[in-house]
Structures are given as structure tokens and as C-alpha cells.
Amino acid sequence: VKGTRVRFGVRRLRRVAVQLVFLVAIGGMVAWLGSNLSANLRRLGFSTDYSFLSQPAGFDIAGSDFDSSSTVLEAMRVGTRNTIQASAVGIVLATALGLTVGICRLSPNWLLRRLGTMFVETFRNVPVLVIILFMYLAVVLKFPPIEQPLRPLGLAVVSNRGIWLPAPLRGFVPLVSVLVLGAVVAAVVTAALARRGARRRGLAGGGILLVALIAAWASAGAGLSVPQQAGRVVTGGIRVQAGMVALVAGLVLYTSTHIGELVRASIQAVPKGQGEAAEALGLSSSQRLRLVVIPQALRIMVPPLANQYLNLTKNSSLGVAVGFAELTLVTRVATSSASPAPQAISVLMGVYLALSLLIAAATNLLNRRLLAAGQR
Amino acid sequence: VRRPRLRRAVPALLCVLGLSTAACTSSGDDAKPNAKNASSTSVLDDVKTRGKLRCGVNKDVPGFGFLTPAGTYAGFDIDYCKAIAAAVIGDSNAVEYKPLAAAQRFPALKTKEIDVLARNTTANATRDGSDGATFATTTFYDGQGLMVKSSSKFKAVTDLKDTAICVLTGTTTELNLASQFRGRGIAYEPKPFETVDTLRQAFVSGACDAWTSDKSQLAGIRSTWPAESGGPAALTILPDTLSKEPLAPAVLDGDSKWASAVNWVVLATIQAEEFKLTQGNVDQMRTETTDPDVKRFLGVPLEAGKPPFDPGLGLPVDFAYKVTKQIGNYAEIYDRNVGPNTALGLPRGQNALWTSGGLLYAQPYR
């Protein structure tokens, strides 16, 4: 027994040593490539530092307070904000549409099923850039001009320069933050009550949510700012730029087909016996779905769903084609004016990497929770 | 059981070590010739041995650089590509055109994907400095302008308050627009586009009120405006000029031999006009002229039996003759592509010889 342990130790040491050598080799390689790049850049007379970030940008960005005297860093911040906005809205809408499509594809209704299939096969098989360009050139640009916009219900302004929607008086930030806080409190309280086996815990949670909703509404100004148009100027409301409309529409149409297929596949991947067993226990069809099938389907669905969210976020860089000032466009404008391309692009890559890791972390958390719930 | 494993591990280890040493040695080998290339061999020699000039051009601007329906390139800048090829290689058709988007052109120049950039490019300090370009003599003095629909109420820049303005990204135009409107205190919204096609669609549909670019380009776009959209009369170029835009061919920094060669091809077209040498009369002048300046310029011996004048530019002694014979002088290039009798109909204006009140002035060839 003793001999085995020693042998085991040696083997382990050897493994660690091999991996260390590997690490050193790879690290050396990266360092060599980096020093080669910076040496060559210096030889060609290019700067290798990041001081350009604090230089004035010299260009303007539509739909923001940013102007040409602000710094390049500020420009990239505005670009990042636009990227996050487009991706976040896109992820929410793509998930909603994807769920609908996936459920339609499994519907016993012939028409719904066929419509679902048609939708998936159409948008899945066209490059996302083409969909975005189509949405911009053939849809958004065909909206009426700003001087005579559409005013659906008198609440919004729709023109080919963008869509203005009614917004809470103090914006969305207080609204969303209070709502999220309320939801967390409701979830914690419901969970605590559930542990004690209290009845009517759902009612308590619902009550807290209702209070949070009212509080959120009040903190956001307790009223609506409705956009008003006069000539070429629109005041009030919240603006969605024309490029963002086309970008988000394109991303949502494309990604929702993939999400729809994921939903369908995950539900079908739950063994048929599970549903049948639930039926034998006397559960109704909605209980069967809610308590047995969906929880198991979710566990299959979440990891690939994260991939779709990552793809959507990265594809938002195609906003460059329709003049939406997301991060990639801003970086391109910056590099073509005075910023050094290698450094600017390294910042660009860093931001996308951070966003992707954030999404991955969030979905991993969800995934772990789902797995834990399954094992319980 | 253990020994074979060790035997398997050793080669793997050697492999890793071998890989890294291979990388190290190859790095040393690579670095040296590169450094040598930069210092001793010029693009001028590369172009001569290759027998082909790689020219970065535009394919979307009528009159300056565009792809004709027949699939060939034509325009003012294209003629300068041809002139350089005629001077260096002796054949104006020995050009490989590389169509480039505005934002690609300096990266293409830096990575030596092209030998020369002749793509309606404004010479300025940043491009000369950090972008690593060396500019030849200006071939076209341009200025930034604004184009609006004739049916609109806009008559001058000051009318453009609260408008959206379409602009190509990656151009000096975008930066001028920002600084000019800021300076005049006019609120506006920039609509940046990557390609002219998307920008045109946005302009047609009224998503932007004005289109800003160099006036020469606007004139080119206006001249080919489709009849079903009202033809050229449907568009108006506002009288205001927002900036100076001297357009010039550019080469990569650090190769003065090549830069000089390109510069002297441009100067030769101007000098040829000053000498009144044209495509039609240059053969005759070459044999009949008695003017020593013209003889030097065309590479004819000043006295029989003596070698012709060679200023040591690395170009053939008769390069100016070849350029004039194959492409023509500046006036011919101008009139053929953008002059009053073309669709663009641009008057010579500032782009006339210094002897007739313009800005074109060639340094003496001697």
C-alpha cells in the first residue's frame, strides 16, 4: 500500500511538471508574439500605448450627449452602452419570440405548427447581416419621414429617423431597479415561508410584488412622458434610433429561430415516460408540463441558450452596416481618425470578452440552480 | 506498467521544447530580412520586377474612381494609377486595382497590400504622421460641401439646424462636419454609413436631410442621379465650403525613393500641360523640339551622341514621354474625367495651372 502511494506521488509530480513546462512554453510564445508586435510597431513609428483614449475624439455620435470635444474613452463608453442596450433588448425579445415559436412547433394545431416551421426555416437560413440590411433598407427606411410621422394612439412617433416611445418621467433606471429589488424581496420571503410550510405564501409574494410595482411607478415619476413632434424635432419619450430598430429586429428574427429549435428539442428530449408517469399519477395536462416536463427541459435548454445569447451579443457588431453607433462602429470611426488600430481593437475585444463572460457567468448561475433543484 | 509511460512522456516533452526553440530560431530569421527590406529595397524595384502596379482605388465615385458597367475601372485617380504604371513599367495597363473602403485604405497601405493609394484621399497632418502615409503633390484641390434635395427649403449651411446629415465613416469629412457644425453652433445629428449604397438609400428615403462629402464626389453622384428620381436637377449642392480637401496619391512612409518617383509622375503631368505637350503632339515634339527644357523632360539627348538627362529618380529617362503618350497631360486627364464636357461638368477653378491663376505648379525638371 505504501509503495502505491509513493508511486502515485511521483506520477502526480510528473504530471504537474509536464503541465508547468507546457504553461511556460505557451506563456513564452505569447510573450514573444507580444514583444514582436510592439517592437515592429515601434520600428514603424507607431505608438504602443493607450494614451489615445484620453485624446478628444473629434467626431459626433447621434442620439447621445457625446460631442466631438469629448474623449475617445467617452466615445467607446457610449458605444458600449449602445451595444449593451441593443443586446439586452434583443435577448429579451428573442427569448420571448423563440419560446413562442418553439411551443408553436410542438402544437397539435396544424396551422400553428406549419407557421412555426415556416418562420424557422425562413430566418434560420438567411445570413443575419442580410436580415438586418433588409430590415433597414426595406422596412425602417420605408417608415414615413420625420415631418409627417405615424402617431399610433397618439403615444408614439414612428419615422424613418427612429421610433420614439412613451417613457416613465424619470426614465427606466429607477423603475427597473425598484422592480428588481421588489422581485428579490418577494422571492426571499416566499422561499422563507415555503420552508416553514406556510399556506398562502403565493399570496404574500404577489402582495410584495404589487407593492414594489407601485413603488417603482412612483419612483419613476408616476406618469408618462409622451413624445411630441414639431417639424424635425421630437421632445419627450425615449428614442430608439432607426439603426437600432433594424439591428434588433434582425438579431431577434435570426436568433429566435435558433432559440425556438432549442425549446422544441429540449421539450422533446424529456423522455416520453415522464409525461406518461405524471399522467398516471393523475396530474392535469398543465400540471404535467409545469411540474414534470418543463423543469427537466429547462436543464437541457440553458447551456445552449447561453450560446445563443453570446451569439446575439457578438452579432450586434453588425450594427455597423446600418449606421448604429454601437461599439464596433465607434471603434472603426476612432481608428480611422487618429486612434491606433491595434490598441483600439484590443479595447474592443476586451469589452466583448467582458460582456460574453458576464452572460456566461449569469447563465452558469442559473444552470447550477436548476441542476441543484433537480438533484434535491 | 510505468516505464512505457515515461517513454511516452519524454518525446512529448522534447516536442514541446523543440517547438519553442523552432519558434525562437524562426523569429530570429524572420526579423532580419524584414529589417533589410525596409532599409535597402524600394517598392520602386518591387514594382519593376513584378511588372504590375498594385493601386488602391475607389470604385464608387464617378469621375474619380469607379467600376464601369463593362467591368473596367475609370476616372481621374485611375488615370494616375495608369500614369505611374506607364512611367515605372512602361505599360499603362500593368495595374492591379484594389477597390478599398474609406476605412480600409490606410491599413491596406501599412500592410503593403497596395503600392500606391489613389483614392480621392485628402492629405493632412495626421495621415502624414501617425497613419504612416507620404503624400505626393496634390492632384485635385477639393473642398467639403453639402448636397440637399432641390425640393427642400435648405439654401445654406445655416438652414440645417436640427437636421440629420449622412456621412461616410472613416473619412475626414466626418471630422470636419463635427468641427464645422460645432464652430457654427448648429445642432445636427450625424448618420454614419459604411457604404455609399446604404447611405444613398437613407438619403433618398429622407432619413437624412443632407449628404456631406467632397464637392467633387457630390458632383459625381449628382451627375449620375437616376432620371426616375428627378435626375441631377433634383439635387442641389449648397454654396458653402466646409473645408480644404487637397486630394493626393499616397505611399507608405519610409521609402523616399518610391515617394519621389510617384511625386514626379504627378509633376510630369502638370509640367506636360505647361509645355503644351499632349497625347497627340508628343511624338512630333520629341523629334522636332529645339527647347532644351522640353528635351530634358522627354528624355531626348541634348546633343546627338550624348546620353539623355537623368535626374537619378530611378525612373526611366523618358518616363514623362511615356506618361504623356499613354495618358496625356493634366488638362487631358482632367477634361476626360471631370471637366466641363463630362457628366460632372466641374470647371477647372483652382485646379488650373499657376500661369492661369490656379494652384498647379510643377517644380523644374532639371
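This is a predicted model: local features need pLDDT of at least 70, side-chain atom pairs count only at pLDDT 80 or more; totals for chains, interfaces and linings use all residues.
On the side of chain A that touches chain B, the elements giving two or more residues are helix H1 (2–43), helix H4 (128–139) and helix H10 (327–337) of chain A. H1(A) supplies the largest share of that side, 11 residues. Sorted by class, the side of chain A that touches chain B holds 21 nonpolar, 8 polar and 12 charged residues.

How much area is buried between chain A and chain B? The figure is about 3500 Å², and carbon and sulfur atoms give 58% of it. In terms of residues, 41 from chain A are in contact with 40 from chain B.

Arg239(A) and Glu189(B) also meet in a salt bridge, at 2.6 Å from N to O. This pair crosses between chains: Arg239(A) belongs to strand S7 (residues 238–241) of chain A, and Glu189(B) to strand S10 (residues 188–193) of chain B. Are the two partners buried or exposed? Arg239(A) has a relative accessibility of 25% and counts as partly exposed, whereas Glu189(B) is buried, with a relative accessible area of 16%.

**Salt bridges over the model**

Over all chains, the count of salt bridges comes to 23.

| Residue | Partner | N to O distance |
|---|---|---|
| Arg239(A) | Glu189(B) | 2.6 Å |
| Asp115(B) | Arg54(B) | 3.0 Å |
| Lys306(B) | Glu303(B) | 3.8 Å |

The bridge between Asp115(B) and Arg54(B) links distant parts of the chain, with the two residues 61 residues apart. Asp115(B) sits in the loop between helix H4 (105–110) and strand S6 (116–117) of chain B, and Arg54(B) in strand S1 (residues 53–57) of chain B. Both Asp115(B) and Arg54(B) are buried. For the pair of Lys306(B) and Glu303(B), the setting is another one: Lys306(B) is partly exposed at 49% relative accessibility, and Glu303(B) is partly exposed with a relative accessible area of 49%. In chain A, a network of salt bridges links Arg105(A), Glu121(A), Arg124(A), Glu261(A) and Arg264(A).

**Inside chain B**

Chain B contains 13 helices and 14 strands. Of its 366 residues, 51% are buried. Among the contacts in chain B with a separation of 6 or more, 71% are between residues 24 or more positions apart.

At the start of H13(B), Asn329(B) has a side-chain oxygen that comes within 3.0 Å of the backbone nitrogen of Ala331(B).

**Two loop residues of chain B**

Asn58(B) lies in the loop between S1 and strand S2 (60–61) of chain B. With a relative accessible area of 6%, Asn58(B) is buried. Which residues does Asn58(B) touch, leaving aside those up to four places away in sequence? They are Gly65(B), Phe66(B), Tyr73(B), Arg119(B) and Asn120(B). With Asn120(B), the meeting is a polar contact between side chains, at 3.2 Å. A polar atom of the Asn58(B) side chain also lies 3.0 Å from the backbone nitrogen of Asp60(B). From Asn58(B) to Gly75(B), 17 residues away in sequence, the C-alpha to C-alpha distance is 9.4 Å.

Thr138(B) is found in another loop, between strand S7 (133–135) and S8 of chain B. Thr138(B) is buried as well, with a relative accessible area of 12%. Not counting residues up to four places away in sequence, Thr138(B) touches Pro246(B), Leu247(B), Ala248(B) and Leu360(B).

Definitions and conventions
Residues are numbered from 1 along each chain as its sequence is written. Chains are lettered from A and ligands numbered from 1 in the order in which they are written. Side-chain values use heavy atoms; hydrogens and water are left out. Contact means heavy atoms within 4.5 Å. Buried area is the accessible area (1.4 Å probe) that two parts lose on being put together, summed over both. Helices (H or I, at least four residues) and strands (E, at least two) are DSSP runs, numbered from the N terminus. Ala, Val, Leu, Ile, Met, Phe, Trp, Tyr, Cys and Pro count as nonpolar, Asp, Glu, Lys and Arg as charged, and the others, Gly among them, as polar. A polar contact is a pair of N or O atoms within 3.5 Å; within protein, one must be able to donate a hydrogen and the other to accept it, and residues adjacent in sequence count only if both atoms are side-chain atoms. Buried means under 20% relative accessible area, exposed over 50%, partly exposed in between (1.4 Å probe, protein chains only). A salt bridge is a side-chain nitrogen of Lys or Arg within 4 Å of a carboxyl oxygen of Asp or Glu.
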